Amino acid sequence: MSNARKWIVGLLAIIALVLIGLNITSSNNKSASSAMSDQSPTYTSETSKTAVYNPQGSLAYQLVSKQVEYFDAQQLTWFTQPVLTTYDETKRATWVLTADKAKLTQDRMLYLYGHVVVQSQLSDSRLQRLTTDSAQVNLVTQDVTSSDKVNLQGIGFESNGMKLRGNLRAKTAELLEKVNTSYEIQK
């Protein structure tokens, strides 16, 4: 084998190694960028207002938020400073729920985080206000739960405790652990 052939074979081998190295580096960058894109929202929106209607055509609830981020890979939506208003079958606003952040999953579960307040909009409701650090609301059944410390305020009573189970539609709330209640007896 002549010197010229040895040099050509050696040069081709080096070129092949460089191309293999570039290919490996390129595929690592693609997987890193696809992992990065899974972490970034599919879309972001400032000040959103979403209205959801029941099968009869009446407004079921309305969700207003300062910012919305939707993540297609996880099929979930994040809301900043959400305000959820629920309505009854007579089209009256029944509850207003507020929080610092909220996460809506594909199965219509709304997870509220930070300074969660559930305020009744009906003056005749025995339960007027509920506060906690986090809560979960099933938007279909309107079941509400929390595993944190909860404060309930109503007409003539105030209760504190841990772990809440209730239903917004039925206007019920039950504290499950470490319950302390004060009653005001009216004449």
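The legends below walk you through several close-up views of this predicted model.

View 1. Pick out L19, which belongs to helix α1, the stretch covering residues 3-39. Is L19 buried or exposed? With a relative accessible area of 52%, L19 is exposed, because the exposed class begins over 50%.

View 2. In soluble globular proteins, nonpolar side chains tend to be buried together. Here the largest nonpolar core has 26 residues, and L97, L110, L112 and V137 have the most contacts inside it. Which elements give two or more residues to this core? They are β2 (59-71), β5 (93-98), β6 (101-105), β7 (109-120), β8 (127-138) and β9 (143-154).

**View 3. A closer look at L110 and its contacts.** L110 is among the core residues with the most contacts inside the core. Set aside the neighbours within four places in sequence, and L110 is in contact with L84, A102, K103, L104, A135, Q136, V137 and L139. One of these partners, V137, is also listed with L110 for having the most contacts inside the core.

View 4. Side chains of opposite charge can pair when their charged atoms come close. How many salt bridges does a search of the whole structure find? The search finds three, and this view shows the one where the side chains of D88 and R92 meet, at 3.3 Å from N to O.

**View 5. K163 and E177 link two strands.** The side chains of K163 and E177 meet in a salt bridge, with 3.4 Å from N to O. K163 lies in strand β10 (residues 157-167) and E177 in strand β11 (residues 172-183), so this pair ties together parts that are 14 residues apart in sequence. K163 is partly exposed, with a relative accessible area of 34%, and E177 is also partly exposed, at 34%.

**View 6. E174 pairs with R165.** In this salt bridge, the closest N and O atoms of E174 and R165 are 2.9 Å apart. E174 counts as partly exposed at 38% relative accessibility, and R165 is partly exposed too, with a relative accessible area of 44%.

Methods. Residues are numbered from 1 along each chain as its sequence is written. This is a predicted model: local features need pLDDT of at least 70, side-chain atom pairs count only at pLDDT 80 or more; totals for chains, interfaces and linings use all residues. Side-chain values use heavy atoms; hydrogens and water are left out. Helices (H or I, at least four residues) and strands (E, at least two) are DSSP runs, numbered from the N terminus. Buried means under 20% relative accessible area, exposed over 50%, partly exposed in between (1.4 Å probe, protein chains only). A salt bridge is a side-chain nitrogen of Lys or Arg within 4 Å of a carboxyl oxygen of Asp or Glu. A nonpolar core is a set of buried Ala, Val, Leu, Ile, Met, Phe, Trp, Tyr and Cys residues joined through side-chain atoms within 4.5 Å. Contact means heavy atoms within 4.5 Å.
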